Amino acid sequence: MDKDFLLSNETAKALFAEVKDEPIIDFHNHLNPQEIYEDKCFDNMAEVWLGGDHYKWRAMRANGVSEKLITGDGAPFDKFVAWADTVQNLIGNPLYHWTHLELQRYFGITKPLSPESAKEIWDECNSKLKQKDYSVRNLLKMQNVSVLCTTDDPADSLEWHKKIREDGFEIKVLPSFRPEKAIGIEKDEYKDYIERLADASGIDIVDVDSLLVALEKRLKFFIENGCKVSDHSLESTFFVDTTHDEVNELFKKKLSGAALDEIEAGKFRGYMLTQLGRQYYKNGIVMQLHIGAIRNNSTRFHKLIGVDAGFDSLNDFNYAPQLSALLNAMDIYGELPKTILYCLNPKDTEMLAAMAGNFCSNEEGVKGKVQLGAAWWFCDHKNGMERQIEAMSDVGLISTSVGMLTDSRSFLSFPRHELYRRILCNKIGTWVENGEYPKDMEYLKVLVKRICGTNAAEYFRF
C-alpha cells in the first residue's frame with residue numbers, strides 16, 4: 001500500500017496527485033458532536049478503533065472471536081490482539097485497506113497488523129494517542145477535513161453543534177435532519193417519541209397537520225444552526241398512494257394504541273416523505289434516501305446489546321415503482337429537492353442511477369439534481385465503488401457526482417476518502433489509457449477535483 005496503491009497507470013497517478021491533499025467534505029457520518037466539542041482524547045487503540053464499530057465487530061464474530069472480546073468486558077489489549085488476528089485474515093475485505101491506511105496516515109506505521117506485530121503497534125499508537133496532537137479535533141485536522149455533517153434527530157437540542165460554532169472551531173460541524181422516528185409509525189415506541197417531539201417543538205401534536213408543523217419548526221431550527229441536508233432510511237414499503245384524510249386517521253389510530261399493517265405504514269411514510277420533501281425544496285435542503293437495510297436480525301443479540309451492533313444486513317425487496325411514485329409526488333408540484341439515492345443491495349445500483357435521470361430537469365442549473373449516491377455500507381469496498389462510478393457513468397454523468405462520504409462513527413475513518421479518490425482516478429485513468437476518452441489533462445484534473453470536493457461544496461451550498 002505504497003504511494004501508487006490502486007493506481008495502475010500514469011494518468012491515474014497524475015490525477016491522484018491533484019486530489020490527494022484536497023479538503024474533505026464529509027456530508028454524512030455518525031460522529032458524536034459532544035466528543036468534538038470536548039476535544040476528546042482516547043485512552044487506547046481498542047477504544048478508538050473497536051468502540052462502536054460494528055463493521056469490525058461483524059468481522060471478528062466471523063473470525064470466531066468471543067463476544068467478550070468484541071462488545072464485552074475483555075481487556076482492551078486482548079480485544080486489540082483479537083482484532084489484529086482478524087485483520088490478518090481479512091484478505092480482499094475493505095477493512096484491511098481501511099485499517100492499514102489509518103495506521104499509515106495517522107500514526108506513520110507501515111508494518112502490517114498481525115498477532116505478531118500487535119504489541120509493537122499497540123504501544124506505538126497508544127503513546128501517540130496520549131498526546132494532545134491526537135485529540136479528536138486534531139485527528140480531523142490531520143486529514144484536512146473542512147466540513148462534516150453529523151446525523152441528528154429533530155428533537156435534538158443541537159447543544160454541542162452550537163458550542164462548537166461558538167468555540168470558533170475552524171472545521172464546520174453541521175447537523176443533518178433525520179426524522180426517522182417521526183416517520184417510523186410502525187414502531188412500538190412511536191407514541192413516546194411523538195410526545196418528545198411535541199416537547200421539543202412546543203407544538204401540541206394531535207393530528208398529521210400538527211405533526212408536520214412541529215417538524216417544519218424543528219427543520220427551521222436546524223437550518224438556523226447550519227443544517228444543509230436531511231437523511232432518511234427506507235427499509236420496507238415506503239410509498240403507497242393515499243389521501244391526507246386517510247393518513248390523518250392512520251396517525252390517530254396509532255396514537256390510540258392500535259397497530260398498523262405494512263400497507264398502512266407505507267401510506268403514512270409516503271405521505272410524510274412527500275410533505276417533508278416539499279419542505280426541503282422550499283428551504284434548500286438536500287434529501288438523502290438510504291434504501292434497503294434489514295435491521296436487528298438476531299433477536300438474541302438485539303436484546304443483549306441493542307441496535308447498531310453488527311446484526312444488520314441488506315434487504316432484497318423491489319421498490320422501483322415506489323421510488324418513482326415518491327419522487328414524482330414531489331416533482332409534480334415542482335417541489336422536488338436535490339436528492340441523493342443510496343442502495344444497500346448492489347442489484348439496485350443501475351436502477352437508481354437510471355431513476356435519478358428521470359428527475360434531473362430544473363431551471364436553476366443544478367448539475368446532478370437527483371443522483372446515485374456513493375457506495376454505502378455493504379457496498380463500501382473496491383468493487384462497490386467501481387460499480388457506483390461505472391453505473392453513474394453508464395447512464396448519467398459521473399462528472400456531476402458529489403463524491404464520497406464515511407457514514408462512520410469513527411474519528412479515524414477519513415482515509416476512506418483517499419481510497420475512493422484512488423479508485424476514481426484509476427477508473428478515469430484506465431478509460432483514458434484505453435483510448436475511451438482524450439488525454440486532456442487540464443480538463444481531467446478539474447474533473448476529479450470537482451468530484452472530490454467542488455461539486456459537493458456547490459450542491460450542498462457549503
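Biologist: What makes you say that the charged end of Arg-416 sits over the ring of Trp-98?
Modeller: A charge sits over a ring if NZ of Lys or CZ of Arg is within 6 Å of the ring centre and within 35 degrees of the ring normal. The charged end of Arg-416 sits over the Trp-98 ring, 3.7 Å from its centre. Arg-278 also has its charged end over a ring, that of Tyr-333, with 4.0 Å to the centre.

Biologist: What should I know about the model itself?
Modeller: It is a predicted model, where local features need pLDDT of at least 70 and side-chain atom pairs count only at pLDDT 80 or more, while totals for chains, interfaces and linings use all residues. Residues are numbered from 1 along each chain as its sequence is written, and side-chain values use heavy atoms, with hydrogens and water left out.

Biologist: Why is the aromatic pair of Phe-80 and Trp-122 called tilted?
Modeller: Rings of Phe, Tyr and Trp (its six-membered ring) pair if their centres lie within 6.5 Å; planes under 30 degrees apart count as stacked, over 60 as edge-to-face and the rest as tilted. By this rule there are 22 aromatic pairs. Phe-80 and Trp-122 are 5.2 Å apart, centre to centre, with 50 degrees between the planes, so the pair is tilted.

Biologist: What makes Phe-177 and Phe-222 an edge-to-face pair?
Modeller: Their centres are 5.2 Å apart and their planes 85 degrees apart, so they count as edge-to-face. Phe-177 is in the loop between β3 (172–174) and α10 (180–183) and Phe-222 is in helix α12 (residues 208–224), so the pair ties together parts 45 residues apart in sequence. Helices (H or I, at least four residues) and strands (E, at least two) are DSSP runs, numbered from the N terminus.

Biologist: Are Phe-177 and Phe-222 buried or exposed?
Modeller: Both Phe-177 and Phe-222 are buried, meaning under 20% relative accessible area, with exposed over 50% and partly exposed in between (1.4 Å probe, protein chains only).

Biologist: Which residues touch the most other members of the largest nonpolar core?
Modeller: Such a core is a set of buried Ala, Val, Leu, Ile, Met, Phe, Trp, Tyr and Cys residues joined through side-chain atoms within 4.5 Å. Of its 96 residues, Phe-27, Trp-49, Trp-83, Phe-107 and Phe-460 touch the most other members. Helix α20 (residues 441–459) gives the largest share, eight residues. Phe-27 also belongs to one aromatic cluster with Tyr-459, Phe-460 and Phe-462.
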